[in-house]
Amino acid sequence: HVKVYYKQKFWNMIKGDTIQDQQLANQIFDFYVNAPKSSAEALQLAINDVAKLELVKVDGKIGDKTIGVINELDAK
């Protein structure tokens, strides 16, 4: 029951199965479990900071655009 709960409530919300780098997916998942909205915003801010431009809207929601950019950028 616990696995199902965490998959539905957290893993699916970060679209974890679509993140190509497993280690990065795990890190995003861990942060999201503890702070869902602020972790998503922090991720989006980090993406824009690394890219040096606004690639994603900082809205606290991990959508297809955010996932696409995550998979395009170097996970390191």
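Start by selecting Glu41 and Lys37: these two form a salt bridge, and their closest N and O atoms are 3.4 Å apart. Keep in mind as you go that this is a predicted model. Both residues sit in helix H3, 4 residues apart, which means that about one helical turn separates them. Now colour Glu41 by accessibility. Its relative accessibility is 26%, so Glu41 counts as partly exposed.

How many salt bridges are there by this rule? The count comes to 3, so let's visit the others, where "salt bridge" means a Lys or Arg side-chain nitrogen within 4 Å of an Asp or Glu carboxyl oxygen.

Next, select Asp17 and Lys7. Their side chains meet in a salt bridge, with 3.5 Å from N to O. Asp17 belongs to the loop between H1 and H2 while Lys7 belongs to helix H1, so this pair ties together parts that are 10 residues apart in sequence. Is Asp17 buried or exposed? Asp17 is exposed, with a relative accessible area of 60%, whereas Lys7 is partly exposed at 38%.

Stay in that loop and click on Lys15, which is found between H1 and helix H2 (22-34). Which residue does the side chain of Lys15 meet in a salt bridge? Select Asp64 to see the partner, at 3.5 Å from N to O. Asp64 lies in helix H4, so the pair ties together parts that are 49 residues apart in sequence. Asp64 is exposed, with a relative accessible area of 63%, while Lys15 is partly exposed at 29%.

Phi of Lys15 is near 55 degrees, a positive value in a residue other than glycine. For another case, jump to Lys52, where phi is near 65 degrees, also positive in a residue other than glycine. You will find Lys52 in the loop between helix H3 (36-51) and helix H4 (64-72). Lys52 is exposed, with a relative accessible area of 70%.

Now show H1 and H2 together. Two packed helices are described by the angle and the distance between their axes. Here the axes come within 10 Å and cross at roughly 90 degrees, so H1 and H2 are roughly perpendicular to each other. To see where they touch, select Tyr6, Lys9, Phe10 and Trp11 in H1, which meet Gln22, Ala25, Asn26, Phe29, Tyr32 and Val33 in H2.

Finish on Tyr6, in helix H1 (residues 2-11). Tyr6 itself counts as partly exposed because its relative accessibility is 35%.

Definitions and conventions: Residues numbered from 1 in each chain as written. Predicted model: local features only at pLDDT ≥ 70, side-chain atom pairs only at ≥ 80, totals over all residues. Heavy atoms only, no water. Helix = DSSP H or I, 4+ residues; strand = E, 2+ residues; numbered from the N terminus. Buried < 20%, exposed > 50% of the residue type's maximum accessible area, 1.4 Å probe, protein only. Axes fitted to C-alpha atoms, helices over the stretch in contact; angles between N-to-C directions. Parallel < 35°, antiparallel > 145°, perpendicular 65-115°, else oblique. Contact = heavy atoms within 4.5 Å.
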